[in-house]
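Okay, thanks for making time, everyone. Let me put the structure up, and then I'll talk through an interface and a helix.

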Amino acid sequence: MQTPFLLQFINLLAALLLLIAFAMLTQRRILSLINLFALQGAVLSLSTFVVAFSTSQHHLYYSAGLTLLLKVLLLPWLLHRLIRKLNVRWDVETLINIPTTMLVGISLVIFSFNLAAPIAQLSEGLTRGLIGIALASVLLSLLMMLTRRKAVSQVVAFLSLENGLFFAATSATQGMPLVVELGIALDVLVATFIFGIFFFQIRETFDSLDIAHMEKLKDD
Amino acid sequence: MIDLQLLALLLAPLLGGALLAVFGSRKWAAELNSLMSFFTFAASVILTMRVIDSGPQVAFHEQFFIDQFNVFLVALTAFVAFTTSLFSRPYMRIEQHHGKLTTGMLHLYYSMYQMFTFAMLVALTTNNMGIVWVAMEAATLTTVLLVSLYRTPASLEAAWKYFILCGVGIALALFGTILLYFAAERVLGEGGTALLWTHLNEVKGELEPTVLKLAFVFLLVGYGTKVGLVPLHSWLPDAHAEGPTPVSAVLSGLLLNVALCAVVRSKVLVDGSLGTHFAGYLMMGFGLLSVVVASFSLFRQKDIKRMFAYSSIEHMGLITFALGMGGPVATFAGMLHMTVHSLTKSAIFFAVGHAVQKSGTQVMENIRGMLQVSPTVGWGLAIGTFAILGMPPFGVFASEFLIITTAMHEYPWTTPFLLIALGVAFAAIFGKIQPVVFGETTAKRLPHSPALIPVFVHLLLVLMLGLYMPPYLADWYRQAAALLG
């Protein structure tokens with residue numbers, strides 16, 4: 001049913017996804033970060049489409065279309081609009097210790113491949129090894145959330161985390177039931193709107209989108 | 001028929017949310033909020049009687065599932081949501097009078113309050129593990145803007161932390177759900193039924209154990225963030241302290257329970273598949289850690305709402321521990337503790353809310369002599385504190401007693417930890433609340449009279465559960481405990 005070509009193509013896309021996750025981890029300019037996020041969405045949508053084609057699961061075509069619409073067009077557009085309105089379009093974030101972050105990232109990838117190894121044994125053909133990559137990109141996005149100090153880049157990390165999860169859902173398990181996927185997409189969309197509201201509230205209150213200002217609440 | 005009853009339960013808060021989104025700025029919005037909450041509560045009572053009469057049921061093409069376990073949480077959720085709406089009516093008016101809230105903020109509050117109830121009820125009643133996730137995320141989304149309702153720097157920080165931490169946590173839970181689906185798909189085939197809990201429960205013995213083990217770790221960490229288990233709890237005290245008090249009451253009394261329900265559902269599947277006690281041990285470990293860490297943190301608290309937030313972490317830890325232990329007695333005790341904790345903690349938050357309004361601060365050193373200012377607030381706070389600390393004859397004593405005696409019997413090494421933690425919690429909370437209730441006062445009068453009937457209704461119920469448990473209620477809890485194994 002599936003040709004080795006398609007199999008290789010999906011593996012290529014998965015590798016691309018991981019590479020983009022690494023690129024996001026070290027990208028300092030907010031504008032480029034958002035573009036990378038859009039690119040990640042495009043790869044995700046394409047890989048979903050290929051999985052749909054090779055397994056002839058029709059509902060995956062809808063998922064691919066939904067991803068294209070939401071993660072490549074709508075969310076990046078919203079984010080672009082937001083950073084233009086907030087005037088942080090050309091902001092550059094100072095990231096400390098990029099080499100260390102990269103090394104931690106690499107060990108996270110090794111860790112997730114190890115963790116996913118017994119599961120990869122179970123799955124046949126197409127999806128083998130993909131769950132490890134999905135887990136790795138989820139953990140890389142988590143790492144990115146920890147290392148960032150700007151509200152906008154934390155949100156991009158959050159959305160990219162969701163991309164990793166979506167990749168796990170579509171490629172490794174060939175799609176969750178459509179009603180669940182729609183629900184998840186709705187939640188992500190609403191979350192992005194709320195994040196947008198938050199940006200303005202934070203800026204109004206703290207005069208900056210730096211969350212270093214927001215470390216006042218302590219237990220004493 | 002069951003379809004109709006369930007529809008009424010879910011439609012009441014959804015319709016309430018829509019109506020209040022339109023009319024939330026009107027003068028009678030608070031009354032409408034209470035009315036819709038009352039409808040939800042009435043629907044939950046009808047549904048509960050139905051389930052007690054005729055056992056577990058599925059509805060809407062098996063997309064929803066109700067058994068004795070979740071219907072008890074549905075009834076509790078609807079009840080506390082109703083009483084909290086009664087409390088919030090005068091409370092929010094006083095806040096508005098003090099200039100802390102505008103009409104626009106109240107509009108948002110009323111509409112989101114109903115949507116939050118809706119999200120929790122969906123999370124409780126759905127049969128689909130994927131929809132559980134969607135509803136839990138929706139519950140976060142509806143409350144995050146309520147936590148930052150006052151728009152102060154501290155409340156924005158708390159809301160941001162809540163959003164990010166719970167967002168990450170719940171993302172991990174989604175990964176766990178995907179793994180669960182991955183395992184289920186191989187047994188149940190692709191498509192709609194592979195995420196339905198009832199179907200999973202039937203074939204749990206055939207599910208791949210290695211995958212389920214990993215899935216449970218993710219599910220526990222993910223939903224555990226929402227339960228407030230240590231070390232994933234750091235959002236909880238901030239969100240409870242900085243949000244409006246009615247929101248603290250429903251977060252503490254209800255949302256934590258709903259998240260724990262999701263954990264318990266997963267535990268039943270995973271332990272069934274593994275044939276061991278793996279999931280139970282994990283829950284016991286996290287629970288015990290939460291009880292110990294939270295009770296020692298109580299000493300350091302200066303903010304009254306923050307202190308009771310830590311007390312919630314302690315109690316959720318205790319419930320997680322009890323449900324992790326499993327067995328008929330411990331599960332029974334865990335569910336009883338869920339009930340009495342929700343009732344008592346929301347009652348305490350109601351009393352604390354008015355105490356804070358009267359003294360204009362949340363710092364305990366500056367809240368003094370509540371008994372002089374308003375005997376009802378003072379006694380509410382005093383009795384609530386006694387109840388939550390597990391004093392007999394309140395219901396908390398009964399459930400804690402059952403949990404500890406079972407632990408002594410099954411896992412004796414855990415008892416010293418539990419006893420020391422409860423002792424420390426007693427010393428910390430009692431020592432701090434005693435001067436708040438007694439002592440010399442500095443507080444002022446309020447423009448509207450506070451609503452304290454909910455406080456005493458809750459405390460009376462807790463007292464009743466401690467003194468005498470009606471046989472049908474005990475039966476119901478026993479049936480629910482049997483379902484969870």
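So, before the interface, one definition: buried area is the accessible area, taken with a 1.4 Å probe, that two parts lose on being put together, summed over both. Keep in mind that this is a predicted model.

With that in hand, between chain A and chain B the buried area comes to about 4,400 Å², and carbon and sulfur atoms give 75% of that. Chain A puts 50 residues into the contact, and chain B puts in 52 residues. What about the polar side? The count between chain A and chain B is 0 salt bridges, and the rule finds 1 residue pair in polar contact across the interface, with both residues at pLDDT 80 or more.

On the side of chain A that touches chain B, the elements giving two or more residues are helices H4 (98-122), H5 (130-147), H6 (151-172) and H7 (178-206) of chain A.

Okay, now over to chain B and helix H18, residues 453-467. At 1.5 Å a residue, its 15 residues should span 21 Å, and the end C-alpha atoms are 21 Å apart, so that agrees.

Which residues of H18(B) are buried? They're B:Pro454, B:Val455, B:His458, B:Leu459, B:Val462 and B:Leu465. They cover an arc of only 130° around the axis, so they sit on the same side of H18(B). And what do they pack against? Helices H3 (68-97), H13 (328-359), H15 (375-388), H16 (395-410) and H19 (471-484) of chain B. Turned away from that buried side, the other face of H18(B) carries B:Ile453, B:Leu460 and B:Leu467, which are exposed.

Technical notes: Residues are numbered from 1 along each chain as its sequence is written. Chains are lettered from A and ligands numbered from 1 in the order in which they are written. This is a predicted model: local features need pLDDT of at least 70, side-chain atom pairs count only at pLDDT 80 or more; totals for chains, interfaces and linings use all residues. Side-chain values use heavy atoms; hydrogens and water are left out. Helices (H or I, at least four residues) and strands (E, at least two) are DSSP runs, numbered from the N terminus. The expected span of a helix is 1.5 Å times one less than its number of residues. Buried means under 20% relative accessible area, exposed over 50%, partly exposed in between (1.4 Å probe, protein chains only). The arc is that of the directions from the helix axis to the C-beta atoms. Contact means heavy atoms within 4.5 Å. A salt bridge is a side-chain nitrogen of Lys or Arg within 4 Å of a carboxyl oxygen of Asp or Glu. A polar contact is a pair of N or O atoms within 3.5 Å; within protein, one must be able to donate a hydrogen and the other to accept it, and residues adjacent in sequence count only if both atoms are side-chain atoms.
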